[in-house]
Amino acid sequence: MIHAAGLRKSFGDFEAVRGIDVDVRRGEAFGFLGPNGAGKSSTMRMIAAVSPVSDGQLRILDRDPATDGPEIRARIGVCPQEDTLDTELNVRDNLIVYGRYFGLPRAEVRERADELLEFVQLTEKAKAKVDDLSGGMKRRLTIARSLINRPELLLLDEPTTGLDPQARHVVWDRLFRLKQQGVTLVLTTHYMDEAEQLTDRLVVMDKGLIVAEGSPLELIATHSTREVAELRFGVASEGDTHEALVGKVEDLADRVEVLPDRLLLYTTDGEETVAKVHERGLEPVATLVRRSTLEDVFLRLTGRTLVD
Ligand SMILES: Nc1ncnc2c1ncn2[C@@H]1O[C@H](COP(=O)(O)OP(=O)(O)OP(=O)(O)O)[C@@H](O)[C@H]1O
């Protein structure tokens with residue numbers, strides 16, 4: 001569905017995307033995970049055929065975005081990061097006007113708009129003003145709008161940024177349903193739980209490059225351990241910094257990461273590791289044992305956390 005090789009995007013002297021290879025297959029949910037500024041949106045805009053490729057190859061639906069932009073845009077759906085809904089129009093008319101823009105006949109577009117309002121659970125809000133919708137509702141309306149032309153491929157740029165947890169789950173649920181219906185999903189996110197929940201396969205991006213690729217489970221298995229023991233020390237009472245404590249525990253774990261407020265011990269058995277820490281007479285004020293996540297993978301690969 002998407003084939004990119006050595007894909008680059010420059011803005012003047014600055015290279016936002018520095019040569020990436022990506023293949024997305026029909027029917028899969030594919031993710032670009034990375035922090036702000038990693039180059040995810042720049043990549044998505046090239047895939048959406050709205051921003052020209054600076055260098056490298058890009059094929060979308062087996063077409064060239066440089067020459068077949070209109071055809072590609074007619075066959076895909078795009079849900080941008082910012083809300084671009086028309087506040088002059090009510091909820092339903094936002095869908096209808098967008099559908100007319102795609103050249104759909106009036107009767108068909110009305111029927112499709114009602115079907116989509118049902119799908120995103122906004123039927124009761126059909127006549128409401130856009131400004132009266134919550135953030136989650138606006139996002140669902142934007143998703144509905146992006147589906148008006150029955151796209152084979154749906155691009156979602158940070159689909160749940162800024163939403164509260166409940167609203168995020170509703171959006172995730174709808175995206176699951178679309179995937180079940182056979183729509184290929186490509187999304188960007190800087191939320192590792194979103195990437196884990198929604199994607200079959202993802203690439204981790206940092207500073208315009210891909211630093212890892214695989215399914216969420218593969219990435220965790222390759223780049224992290226099964227469990228993580230998080231230790232928080234009352235640093236002042238220890239008279240020590242977390243950095244200085246590393247030497248006292250590093251032999252208990254495969255790897256130790258120091259964050260400003262805690263130590264992360266990567267290990268196969270977190271409870272056992274915590275017990276050994278106590279046996280050494282070290283008294284963390286808080287401990288947490290959890291499984292490894294994509295956040296740990298990112299930390300391992302870049303030395304930084306995903307969200308500042
Ligand atoms: N039109 C532009 N002109 C100049 N620089 C740009 C432009 N668009 C993006 N950039 C820069 O390119 C880099 C990558 O931006 P991009 O938006 O692709 O990152 P991102 O991973 O999507 O992050 P975000 O989540 O913040 O959108 C950033 O440093 C950004 O400032």
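## Ala 126

In this predicted model, Ala 126 counts as partly exposed because it has 15 C-beta neighbours inside 10 Å, and a buried residue would need 20 or more. Ala 126 sits in the loop that joins helix H4 (106-119) to helix H5 (135-146).

Apart from neighbours within four places in sequence, the contacts of Ala 126 are Val 91, Arg 92 and Leu 117. Glu 82 is 44 residues away from Ala 126 along the chain, and the C-alpha atoms of the two are separated by 21 Å.

## Confidence

The average pLDDT of the protein chain is 91, and 97% of the residues score at least 70. For the complex, the predictor gives an ipTM of 0.93 and a pTM of 0.88. Where pLDDT is low, the predicted coordinates should not be read in detail.

## Domains

The protein chain is divided into domain 1, residues 2-215, and domain 2, residues 225-291. Taken over C-alpha atoms, the centres of domain 1 and domain 2 are separated by 40 Å.

## Ligand shell

Around the ligand are Phe 11, Phe 14, Ala 16, Gly 34, Asn 36, Gly 37, Ala 38, Gly 39, Lys 40, Ser 41 and Ser 42. Two or more residues of this shell come from each of strand E2 (14-24) and helix H1 (40-47). H1 provides the largest share, 3 residues.

Sorted by class, the shell has 6 polar, 4 nonpolar and 1 charged residues.

## Helix H1

Of the 8 residues of H1, 7 are buried, so the helix is largely enclosed by the rest of the structure. The buried residues of H1 are Lys 40, Ser 41, Ser 42, Thr 43, Met 44, Met 46 and Ile 47. Among them, Lys 40, Ser 41 and Ser 42 are also listed around the ligand.

After H1 comes Ala 49, which has a positive phi, near 60°.

## Helix H8

Helix H8 spans residues 216-223, and its buried residues are Pro 216, Leu 219, Ile 220 and His 223. Viewed down the axis of H8, these buried residues fall within an arc of 95°, so they line one face of the helix. The exposed residues Leu 217 and Thr 222 are on the face of H8 turned away from its buried side.

The packing partners of the buried residues of H8 are helix H7 (192-198), strand E8 (201-206), strand E9 (209-214) and helix H12 (294-302).

Key:
Residues are numbered from 1 along each chain as its sequence is written. This is a predicted model: local features need pLDDT of at least 70, side-chain atom pairs count only at pLDDT 80 or more; totals for chains, interfaces and linings use all residues. Domain bounds come from an automatic or database domain assignment. A residue is near a molecule or strand if its C-beta atom, placed from the backbone, lies within 6 Å of it. Helices (H or I, at least four residues) and strands (E, at least two) are DSSP runs, numbered from the N terminus. Ala, Val, Leu, Ile, Met, Phe, Trp, Tyr, Cys and Pro count as nonpolar, Asp, Glu, Lys and Arg as charged, and the others, Gly among them, as polar. A residue is buried if 20 or more other C-beta atoms lie within 10 Å of its own, exposed if 12 or fewer, and partly exposed in between; C-beta atoms are placed from the backbone. The arc is that of the directions from the helix axis to the C-beta atoms. Two residues are in contact if their C-beta atoms, placed from the backbone, lie within 7 Å. pLDDT is the predictor's confidence in each residue, from 0 to 100.
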